[in-house]
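Subject: Structure handover

Hello,

I am passing a structure on to you, with my notes below it. Please have a look at it first, and then read on for what I found.

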Amino acid sequence: MGLMTAAGVAAAATLSACSVSKTGNVTTITLNVAEVADYVDALLNFSSTAINVPLVAAAMGAPNVALANTIIAALTAAGRAFVAAAGSSTTVSYDSASVKAAFDSILTDIGQVNTLIIATITGMASDLSSSVITQAKTAAGAAATLIDLLKAMVAVSGRHSVGPRLASDNGINMQGMVAMNVIGVFVSAQGG
């Protein structure tokens, strides 16, 4: 399902993946294409795997699983549109109309993933102590982290980034890397 193969890099306005420059009243936000694609891929893998876990699917119900499949298809299309808008660039300006439309579509779709899939998993009864549910809840937390990182890329108000500052190590966003690894473990454990 890979949109691009690349290592995730920094995700906040103060880091290399998302730089912010301001000229007069115009603010330009630059996004790291590989990082966006990596996060979208991880969220797609998480979502596709999670809705196929029997306890999660039962908790969601058939209509919501069908809706989740529609959202997954939309997120796949939005991720591809973002990569297509970026072309061969490693970074793109969010201010570009095609990039902004594609990235905003990603943000809309991940909001629905958060509302539908992540909320269902995190709200599952605590007496369901199976290791699968524990792994799903851990992966849901990691997916929520990736959603926050994607939102933080463009959540800029004036000179201040909205949301938490993100730690980096030589330009690599550690929260993103850890979250993608947690999701990878969950997907692998479920046979994905």
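Let me start where helix H1 touches helix H5: Glu35, Val36, Tyr39, Ala42, Leu43 and Phe46 of H1 meet Ala136, Ala139, Ala140, Ala143, Leu146, Ile147, Leu149, Leu150 and Met153 of H5. Contact here means heavy atoms within 4.5 Å. By class, this contact between H1 and H5 has 14 nonpolar residues, no polar ones and 1 charged one. In that count, Ala, Val, Leu, Ile, Met, Phe, Trp, Tyr, Cys and Pro are nonpolar, Asp, Glu, Lys and Arg are charged, and the others, Gly among them, are polar.

Before going further, please note that this is a predicted model, in which local features need pLDDT of at least 70 and side-chain atom pairs count only at pLDDT 80 or more, while totals for chains, interfaces and linings use all residues. Residues are numbered from 1 along each chain as its sequence is written, and side-chain values use heavy atoms, with hydrogens and water left out.

Back to the first pair. H1 covers residues 33-50 and H5 residues 131-154; their axes come within 10 Å and cross at roughly 150°. That makes the two helices, H1 and H5, roughly antiparallel. The axes are lines fitted to C-alpha atoms, for helices over the stretch in contact, and the angles run from 0 to 180 degrees between N-to-C directions. Angles under 35 degrees count as roughly parallel, over 145 as roughly antiparallel, 65 to 115 as roughly perpendicular, and the rest as oblique. H1 passes H5 in a left-handed crossing (the near helix is turned anticlockwise from the far one by less than a right angle; clockwise would be right-handed).

H1 also packs against H3, at an angle of about 165° and with the axes 10 Å apart. H1 is therefore roughly antiparallel to H3. This crossing of H1 and H3 is left-handed. On the H1 side you will find Val33, Val36, Ala37, Val40, Leu43, Leu44, Ser47 and Ser48, and they meet Ile72, Leu75, Thr76, Gly79, Phe82, Val83 and Ala86 of H3. The contact of H1 with H3 has 11 nonpolar, 4 polar and no charged residues.

The next pair is H3 (residues 62-86) with H4 (residues 97-122), whose axes come within 8 Å and cross at roughly 155°. H3 and H4 are therefore roughly antiparallel to each other. Their crossing is left-handed. Among the residues in this contact are Leu67, Ile71, Leu75 and Phe82 of H3, and Val99, Phe103, Ile106 and Leu116 of H4. By class, H3 and H4 bring together 17 nonpolar, 5 polar and 1 charged residues.

Now for the chain as a whole. The protein chain has 6 helices and 7 strands. Both are DSSP runs numbered from the N terminus: helices are H or I with at least four residues, strands are E with at least two. From the N terminus, the order is β-β-α-α-α-β-α-α-β-β-β-β-α. Of the 192 residues, 43% are buried. Buried means under 20% relative accessible area, exposed means over 50%, and partly exposed is in between (1.4 Å probe, protein chains only). Among contacts in the chain with a separation of 6 or more, 75% are between residues 24 or more positions apart.

- Gln135 lies in helix H5 and is partly exposed, with a relative accessible area of 30%. Leaving aside its neighbours within four places in sequence, Gln135 is in contact with Phe186, Ala189 and Gln190.
- Lys151 is also placed in helix H5, and is partly exposed at 37% relative accessible area. Lys151 and Asp104 are 47 residues apart in sequence, and 9.5 Å apart C-alpha to C-alpha.
- Asn173 is in strand E7, residues 172-173. Asn173 is buried, with a relative accessible area of 0%. The C-alpha atoms of Asn173 and Glu35 are separated by 9.4 Å, though the two are 138 residues apart along the chain.
- Ala119 lies in helix H4 and counts as partly exposed at 39% relative accessibility.
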